[in-house]
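Keep the sequence and the structure open while you read.

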Amino acid sequence: MPLFNPELTSPILTNLEVLFLAYNGIADLIPLQLLRFPALKTLFLQGNELTKINGLEGMSQLRELVLDKNKIRVIHDNSFNGLWNLQELHLEDNRLKELNGLSQLEGLQRLYLGNNKVQEMIEVDKVTDMNNLVDLSFVNNPVTRKNLYRVTCVQKMSRLVFLDGIEVTDDERLKTNLYFMEIEAYQQMQNGVMMSDTSPMSSMNAQRNYLPLKTMTIIDPLSGGLIDQAASGAGTQPRYAAAAAPAERNYQPINPESKSILASSLASKKAVQGIQNRPQPVNIRTLGNITEKYRKPRLPKK
């Protein structure tokens, strides 16, 4: 018998588009020689004994692949080589913890990964980069209990319509985008700093409208100088912050409205301090008693 037999590799059933091989105890796909079905578009392999995905390479016409209820633990980088047109992939009820090898399925639109063992958001991130997904399911995976799981998926996947069987509405997407905008603004506020040149008084006119992203300080609206946050809080005289190296500057415009509010706040603070430092009026009756107590005794008249 020759080592190479063309009859074992030549196409068969060239018009076959749907093949149902579910619940047949299949443990390996290579002996099936699925590449010999060139027109195959839908393949059902659920309920078998598969522990890995192989033997599918080069099935360029395949559109839907069902691998639910197997024992698949890992997806290799070459598991889906050549499946350029795959649009729907079912991998539910397996034992997956990592999601490698899926990023090459650029045309995938529906991905079902429910009832696996995915625990970390880093694995979800491998899927959120697939821009064509409209339906994604991680139902009954530990990762779905993470606080930011759903909002992260919605924010990163602009075309997603269903997540875990629940529709992603326009209202939810709007609220998600606003949530991440608020987080970004808060982080910028936490990391913000006002920067100046070596001589802050001479260069403040050119820089007072910029807010560098370092540590928070306050502008003195009267002198135009920089007030150190610690000095301002302690109620001491304004102390100008040291200039930073030019390479560290990273300016962004200050909102004029915020600048006006800051000036009003500082002016009000100075007014309150002036009232507190003003001498308090003395009760005349109390003053009279004190004067009488310490008055020198008069000598009797002779």
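Buried means under 20% relative accessible area, exposed means over 50%, and partly exposed lies in between (1.4 Å probe, protein chains only). This is a predicted model: local features need pLDDT of at least 70, side-chain atom pairs count only at pLDDT 80 or more, and totals for chains, interfaces and linings use all residues. Residues are numbered from 1 along each chain as its sequence is written, and side-chain values use heavy atoms, with hydrogens and water left out.

Q: Is Y23 buried or exposed?
A: Helices (H or I, at least four residues) and strands (E, at least two) are DSSP runs, numbered from the N terminus. Y23 sits in the loop between strand 1 and strand 2. Its phi is near 55°, a positive value in a residue other than glycine. With a relative accessible area of 53%, Y23 is exposed.

Q: How many helices and strands does the protein have?
A: The protein has 302 residues, and buried residues make up 34% of them. Its secondary structure comes to seven helices and ten strands.

Q: What share of the accessible surface belongs to carbon and sulfur atoms?
A: Accessible areas come from the Shrake-Rupley method with a 1.4 Å probe; for residues, only the protein chains shown count as cover. The accessible surface of the protein comes to about 19200 Å². The share of carbon and sulfur atoms is 54%.

Q: Which residue is the bridge partner of D135 in strand 7?
A: Strand 6 and strand 7 (residues 162-163) pair in the parallel sense, over two bridges. The partner of D135 in strand 7 is F162.

Q: How many aromatic pairs are there?
A: Rings of Phe, Tyr and Trp (its six-membered ring) pair if their centres lie within 6.5 Å; planes under 30 degrees apart count as stacked, over 60 as edge-to-face and the rest as tilted. By this rule, the count is three.

Q: How far apart in sequence are the parts that F20 and F44 tie together?
A: F20 and F44 form a tilted pair, 5.5 Å centre to centre with 40° between the planes. F20 lies in strand 1 (residues 18-20) and F44 in strand 2 (residues 42-44), so the parts they tie together are apart in sequence by 24 residues.

Q: What is the angle between the planes of F138 and Y149?
A: F138 is in the loop between strand 6 (135-137) and helix 2 (149-156), while Y149 is in helix 2, eleven residues apart. F138 is buried at 0% relative accessible area, and Y149 is buried at 4%. The rings form an edge-to-face pair, 6.2 Å centre to centre, and the angle between the planes is 85°.

Q: What covers the buried residues of helix 2?
A: In helix 2, Y149, T152, C153 and V154 are buried. Their cover includes helix 1 (121-128), strand 7 and helix 3.

Q: Which residues does Q46 touch, not counting those up to four places away in sequence?
A: Q46 is in the loop between strand 2 and strand 3 (64-66). Q46 is buried, with a relative accessible area of 14%. Contact means heavy atoms within 4.5 Å. The residues touched are F20, A22, Y23, V66, L67, D68 and N70.

Q: How far apart in space are Q109 and D135, C-alpha to C-alpha?
A: Q109 is in the loop between strand 4 (88-90) and strand 5 (110-112). At 28% relative accessibility, Q109 is partly exposed. Beyond its neighbours within four places in sequence, Q109 contacts Q87, N132, L133, V134 and D135. Q109 and D135 are 26 residues apart in sequence, and their C-alpha distance is 6.5 Å.

Q: What is the phi of N115?
A: N115 is in the loop between strand 5 and helix 1. At 30% relative accessibility, N115 is partly exposed. N115 is not a glycine, yet its phi is positive, at about 60°.

Key
Pairing = 2+ DSSP bridges.
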